[in-house]
Amino acid sequence: MDTSINFPNLGIYLSNVGKSISIGRFEIAYYGMIIACGMLLGLFLAMWVAKKTKQDPELYFDVALYAIPIALIGARAYYVIFSWDQYKDNLIHILYFREGGLAIFGGVIAAVITFYVYVKIKKQNFWLMVDTGCVGLVLGQIIGRWGNFFNREAFGGYTDGLFAMQLPLNAVRTSDVTQEMMEHLQTIRGVQYIQVHPTFLYESLWNTGILLILLFFTKHKKFNGEIFLLYLVGYGIGRFWIEGLRTDQLLIPGIGLPVSQVLSMIVAICSIIVILIQRKRSAAKTTA
């Protein structure tokens, strides 16, 4: 398998992008390493924000001990549920996290549920904690998406735009390759390349913008929960757009619509409505 990845319109040609490193007899996938780094750095950022906002950072460390592994299980479960045909005849592959196959929505749902249970037990303010926690979450997403780069997955359809990415045909899943990609197949030095939207990069950059907005608005929020709702709006809108480009969409059985695209729009619209209602209530209290 050829290990090159190119961005021809940017003049970037990477000749050897591996999927893992070997330490003795052990092979460690970059995918897992990047996901782990994203989670740890996200936790550190959440703890930093907690300290800045006069909360106890240790609360976030404690809840992360539960939320991180449960979020991984949730992300995997979400992916497997909507890709059941891929796993139903070989159930052991459900446990092969290193092969990829984590759906962020499943992770977010699992993490939020974990937060809720933890907060109820510890008698903390749920909305305040998710305001702080979501800042770390989005940083984890920014970093974690680069795992898709090394795995040659989560890309979009054919494009010849500025950020077009070339991947060797023999390095990607056949199911992710469209007819349009095959029609624009390029052969360079004997290697066949498809040229696609690097949707992992789009989402990483989009989430960087969301992170900056959340950090700015943390000091200006009108009610607890507003930062988390802003995250849901920003991520929902971005994911709706980006999901529409991808060729590996998880579809709702019997309907055929991309589940993450539908969920993104529902989440974004509901969050906007709640923000407007809560801001109106906050303004009413101020003028009362």
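Trainee: At what angle do the axes of helix α1 (residues 30–52) and helix α2 (residues 57–81) cross?

Mentor: The axes of α1 and α2 cross at roughly 150 degrees and come within 10 Å. Helices here are DSSP runs of H or I with at least four residues, numbered from the N terminus. Axes are lines fitted to C-alpha atoms over the stretch in contact, with angles from 0 to 180 degrees between N-to-C directions. This is a predicted model, in which local features need pLDDT of at least 70 and side-chain atom pairs pLDDT 80 or more, while totals for chains, interfaces and linings use all residues. Residues are numbered from 1 along each chain as its sequence is written, and side-chain values use heavy atoms, without hydrogens and water.

Trainee: Why is α1 called roughly antiparallel to α2?

Mentor: The crossing angle is roughly 150 degrees. Angles over 145 degrees count as roughly antiparallel, and therefore α1 is roughly antiparallel to α2.

Trainee: Is the crossing of α1 and α2 left-handed or right-handed?

Mentor: The crossing is right-handed, a term for a near helix turned clockwise from the far one by less than a right angle. On the α1 side, the contact (heavy atoms within 4.5 Å) includes Ile35, Met39, Leu43 and Lys51, and on the α2 side Glu58, Phe61, Ala64 and Leu72 are among the residues.

Trainee: How do the residues of the contact of α1 with α2 divide by class?

Mentor: There are 11 nonpolar, no polar and two charged residues. Ala, Val, Leu, Ile, Met, Phe, Trp, Tyr, Cys and Pro count as nonpolar, Asp, Glu, Lys and Arg as charged, and the others, Gly among them, as polar.

Trainee: How do α2 and α4 pack?

Mentor: Their angle is about 145 degrees, with the axes 7 Å apart, and the crossing is right-handed. Contact residues include Tyr60, Ala67 and Gly74 of α2, and Gly107, Ala110 and Phe115 of α4. The contact of α2 with α4 divides into 14 nonpolar, four polar and one charged.

Trainee: What makes a space in the model a cavity, and how many are there?

Mentor: On a 1 Å grid over the protein atoms alone, a cavity is a set of points where a 1.4 Å probe fits but cannot get out. By this rule there is one cavity of 30 Å³ or more. The largest cavity has a volume of about 900 Å³, the space filled by probe spheres set on the points.

Trainee: Which residues are closest to the centre of the largest cavity?

Mentor: Of its 48 lining residues (an atom within 4 Å of a point), the closest are Met39, Ile104, Gly107, Leu137 and Gln141. Helix α2 gives the most to the lining, with 10 residues. By class, the cavity lining has 29 nonpolar, 11 polar and eight charged residues.

Terms used
Helices (H or I, at least four residues) and strands (E, at least two) are DSSP runs, numbered from the N terminus. Angles under 35 degrees count as roughly parallel, over 145 as roughly antiparallel, 65 to 115 as roughly perpendicular and the rest as oblique. On a 1 Å grid over the protein atoms alone, a cavity is a set of points where a 1.4 Å probe fits but cannot get out, and a pocket is an open set with protein on both sides within 12 Å along at least five of seven lines; lining residues have an atom within 4 Å of a point.
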